[in-house]
Amino acid sequence: MSTTTPAPESSNAPQEELSTAAANRTVGVRTFRPAIGLAILALVALILFALNAADGSVEFRLSDSGDAIQLPNLSVPVTAYGWVVTVALAALAVFAAVRARSLPRWALILAGFFFVTGFLVWIVGTAQTPSISVTALLAGSVALATPLIFGSLGGLLCERSGVVNIAIEAQLLFGAFSAAVAATVANNVWVGLLAAVIGSMLVSLVLAIFSIKYRVNQVIVGVVLNVLVSGLTGFIFATVLQPNAADFNSPARLPHITIPVLSEIPVIGPVFFDQSIIGYIMYVTVAIVWYALYRTRWGLRTRAVGEHPKAADTLGVSVNALRVRNVLMGGAVAGLGGAFYTLVSVSAFTRDMTSGAGYIALAALIFGRWNPVGALLASLLFGFASNLESILSFLGTSVPSQFLAMLPYIVTILAVAGLVGASRGPAASGEPYVKE
Amino acid sequence: MSATTTSPESNQVSAPSPVELNPDDFRRSLLGSTLQSVLAVLAALLLGGLLIAATDETVRESAGYFFARPGDTLTAMWDAASSAYVAMFHGAVYNPDGSGLTGKLYPLTETLTVATPLILAGLGVALAFRTGLFNIGAQGQILIGATLAGYVGFAWQLPVGLHLLVVIVAGALGGAIWGGVVGLIKARTGAHEVILTIMLNYIAINLVSWLLTLSTFQREGSSNPISPPIAETAMFPKLLGDSFRLHWGFVVAVVATVAVAWLLNRSTIGFELRAVGANPRAARTAGISVTKGFVVVMLIAGMLAGLAGTAQIAGTEHSLTVGIAASFGFDAITVALLGRSKPWGTFFAGILYGAFRAGGVTMQTATGTNIDIVLVVQSLIVLFVALPPLLKLKSRRKEVAA
């Protein structure tokens, strides 16, 4: 499909006017977009974090009363930190302007760190009680991010081999549904986990059959699958699950595993070493996907098929078979995220319980530049934003919660608009492959 | 459908080469596509019926002794599915139990009322499809359109006639802004419109729910997230008298369909948009500005969705709430797909889905069948309609073999 990948001509138009672009192409295109993006961030920081900061300071509680190791609270003066962030972002903007091309990773991470912490200090400063537990903030973020991470990894497996997956939402929802029903009927959570994987793979199978075998437009199949699964699970929920909840919709929960010693580490312990088994599977999955994608033969083939299927085919890779396999694997991964809803966070299925998480996962995948680690970080950021929103509504802040809720979406738009660096998907993504 | 409208690459594969295309073949393929649509609807209804039957209480009971008396199960299955569909028909087309002609025909007008926003938003989605863009953002465009139209409706005092006109313009403007932003960002930076529209949907819903916390948008003395009702002068007049909900917004939808059909098939802009959709590279070579096409089409698409929002607020709801767009923006995508992205196809698909929706409500109250079955049937229709590439490919393969 022609529209999936932005035409390079149009996206680079402003640079080509510089006429040196052609000569520079081998060493990278001159672009001032990162500089503009950083300048905008610096301006936001100046206006909000520095000039509109609350008086006094914000307290970050590093340990809670029950913890074995007690750390002192971290107190940050709001206005002063706002200025620090503004200056730091402005300096990065100047650096980017001088460099005039895509930013190195460390600069991006630094900019992200300053903006997020600056925002955090500013927004907590506006609360009636400017004190926040870092552990609760981070642990909640990880929990909210878990289905997003699985969803975006599932999408990544599809997209890196050239199949656009809009149906992540459907995969999460059907995974959650299958997990709840199977775990209740079999009276065994592990069966539920397996069913989530299989259920989500079924959605993948439909996507694969329609978009790879019959070459129906991939975005269309994805959109339709989302509606279909929403309707199907909603219908069965209302007619079968709800009236017979005890028989079909009361799964047990997956065990919560607390790793001794490690979970005692302040802040990090409760966040990383005290969660459900799905949480641990998540980190392992990110590592496996990253390793497999960049260090194995399968990964090389997947990336080749996603970028230039014809070349891969010429070298003997079976393009469509690889795509089908990857789409199915993507479904399996997304299904684990679906299981998180019914086997970890709430122990019952409800209608449309994923409430658009699949679309956020898609955004995280793109924000993370189709890279497993990027997708992980982007999902964590989105999880952080929605957790912050609920904590702040509890603390009482003057900033409307709707603006907090909007933030991840605005950030995603800025990211896909390339303001924080070029965002380009696999070249062949969305295009069905026909062997000639 | 996708092959003929949105995806030039697969088009080259599945469509017959121009040499083969004589008027006879064309007529046959048109007939074929209509036949395919009808078959798709029937197959989807059949599967939906099976789903209704399979989840029915009586069916499950009689299935317990299926091998003793299989007839019971089959009868129960038929009863469950047919009673649900009959109730749906009564709610969507003709109600034999209604009092007088008004009561009997009320369902039909209800179908047209529900179809109005579906047609308008569906046209927007279809137009973008024809230009090769996936406008998933009709939902946000409807919301913003309805918000602007609603604000003008309840906050301004204008004479009769002028007020409604201003409301319509405001609604169209709101949608056009929300859609135009997408076109602009895509044209300037090459960002993918699917992501942009999805994100803007969420931004729109948060924006509107924030606006509804402001006293400007709330009823006097109330802090509920609902706006004051719009002025009488801002409402669409009823089309068939006060006993029906059908309003002049439906006429707007008909006019919009004619206008979009003219725009696409008869105007220079429409030709350029179709060229951009069919083959952006060729269009650029021919001197058509692809980026301008993106902006123009998203402005118009947003405008149409904004009109759908106007129909909602000035036609049926009269007060702004977060739920004003219901799920029309997402249904509009399936409407456009079923209508094969053609203006009149979208029009009739909109009426069909309006019938499903209006009938679904009646069905749920009459037989207790959950209305979500409508979503299942709708999405199955689109999936089945999308299958022609398979049929065409097979016939082509045969040709090659021969």
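Reader: How do you know that helix α6 and helix α14 of chain B cross?

Author: Happy to show you, with the note that this is a predicted model. The axes of α6(B), residues 100–130, and α14(B), residues 328–338, come within 7 Å and cross at roughly 65°.

Reader: Which residues of α6(B) and α14(B) meet?

Author: On α6(B) they include V114(B), L118(B), A121(B), V125(B) and F129(B), and on α14(B) they include F328(B), D331(B), I333(B) and L337(B). Contact means heavy atoms within 4.5 Å.

Reader: And how many residues of each class does the contact of α6(B) with α14(B) have?

Author: There are 13 nonpolar, 1 polar and 1 charged residues. Gly counts as polar and Asp as charged, and G122(B) and D331(B) are both among the residues that meet.

Reader: Why is the contact between R351(A) and D372(B) called a salt bridge?

Author: The cut-off is a side-chain nitrogen of Lys or Arg within 4 Å of a carboxyl oxygen of Asp or Glu. Between the side chains of R351(A) and D372(B), the N to O distance is 2.5 Å, so the pair meets the definition. The count between chain A and chain B is 1 salt bridge.

Reader: What else describes the contact between chain A and chain B?

Author: 50 residues of chain A are in contact with 58 residues of chain B. The area buried between these chains is about 4,900 Å², and carbon and sulfur atoms give 75% of that area.

Reader: Over to the sheet in chain A: what makes β2 and β3 edge strands?

Author: The open sheet has 3 strands in the order β2-β1-β3, with mixed pairing. β2 (74–77) and β3 (131–133) of chain A each pair on one side only, and they are the edge strands.

Key
Residues numbered from 1 in each chain as written. Chains lettered and ligands numbered in written order. Predicted model: local features only at pLDDT ≥ 70, side-chain atom pairs only at ≥ 80, totals over all residues. Heavy atoms only, no water. Pairing = 2+ DSSP bridges. Helix = DSSP H or I, 4+ residues; strand = E, 2+ residues; numbered from the N terminus. Axes fitted to C-alpha atoms, helices over the stretch in contact; angles between N-to-C directions. Buried area = accessible area lost by both parts, 1.4 Å probe.
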